[in-house]
Amino acid sequence: MVALKHLWLRQNKITEIPVCVAELKNTLVTLSLSSNLISELPEVVSELAVLKKLYVNGNKIEKVHASFASCGALEEVTLSNNTMSTVPTAWTDRWGSYDPTTGHLKHTDDADAKVVVKLFGNPIA
């Protein structure tokens, strides 16, 4: 399991990110936990050094640690259809402002990283 690159745990009624994910911090490229019952994206996710794609849409996520924005390898994050009411400032500082029309973070010319962040279907004010 140490060399696992892609982990798909969709529709399993999972309530939190499995602890074993931390053991995959140097190998995990794709993590899909869509359509579960997760309410928080914990700090351990920010430690996944090579994670490029994270799918946690269709959960009950209200809170995401600001440290998540420090994931250097990220290319795509799908957090759609959760219960997030705000976008962490660390995200908008790094990835651009929230566009309520598209439900995505809109990159600015000075955005540090060009990560696709999908947030539609959240009650973001």
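**Chatting through a predicted model**

Q: Let's start with Asn81. Is this one buried, exposed or partly exposed?
A: This is a predicted model, and in it Asn81 is partly exposed, because its relative accessible area is 41%, which sits between the cut-offs of 20% and 50%.

Q: Which other residue has a positive phi without being glycine?
A: Gln11 is one of them, with phi near 55°.

Q: Where does Gln11 sit?
A: Gln11 is in a loop too, the one between strand E1 (6-8) and E2.

Q: Buried or exposed?
A: Gln11 counts as exposed, because its relative accessible area is 58% and the cut-off is over 50%.

Q: OK, new residue. What about Ser34, buried or exposed?
A: Ser34 is buried, because its relative accessible area is 3%, and under 20% counts as buried.

Q: Which loop is Ser34 in?
A: Ser34 is in the loop that runs between strand E2 (30-32) and strand E3 (40-41).

Q: So what does Ser34 touch, if we skip neighbours within four places in sequence?
A: Ser34 has contacts with Leu9, Arg10 and Gln11, and also with Tyr55, Val56, Asn57 and Asn59. So Gln11, the exposed one with the positive phi, is on the contact list of Ser34.

Q: Let's zoom out. How many helices and strands are there?
A: The protein has one helix and nine strands. Going along the sequence, the order is β-β-β-β-β-β-α-β-β-β.

Q: How does the radius of gyration fit with a compact globule?
A: It agrees: a compact globule of 125 residues would have a radius of gyration near 14 Å, and the protein has 14 Å. The C-alpha atoms fill a box of roughly 40 × 30 × 20 Å along the principal axes.

Q: How much of the protein counts as buried?
A: Of its 125 residues, 41% do. The protein exposes about 6,600 Å², and carbon and sulfur atoms supply 51% of that area.

Q: What share of contacts comes from residues 24 or more positions apart?
A: They account for 38% of the contacts with a separation of 6 or more.

Q: Last one: how many charged side chains, positive and negative?
A: There are 12 positive and 13 negative ones, and the centres of the two sets lie 8 Å apart.

How values were computed:
Residues numbered from 1 in each chain as written. Predicted model: local features only at pLDDT ≥ 70, side-chain atom pairs only at ≥ 80, totals over all residues. Heavy atoms only, no water. Helix = DSSP H or I, 4+ residues; strand = E, 2+ residues; numbered from the N terminus. Buried < 20%, exposed > 50% of the residue type's maximum accessible area, 1.4 Å probe, protein only. Contact = heavy atoms within 4.5 Å. Rg over C-alpha atoms; globule rule 2.2 N^0.38 Å. Areas by Shrake-Rupley, 256 points an atom, 1.4 Å probe, with all protein chains shown as cover. Lys, Arg positive; Asp, Glu negative; His and termini not counted. Charge placed at Lys NZ, Arg CZ, Asp CG, Glu CD.
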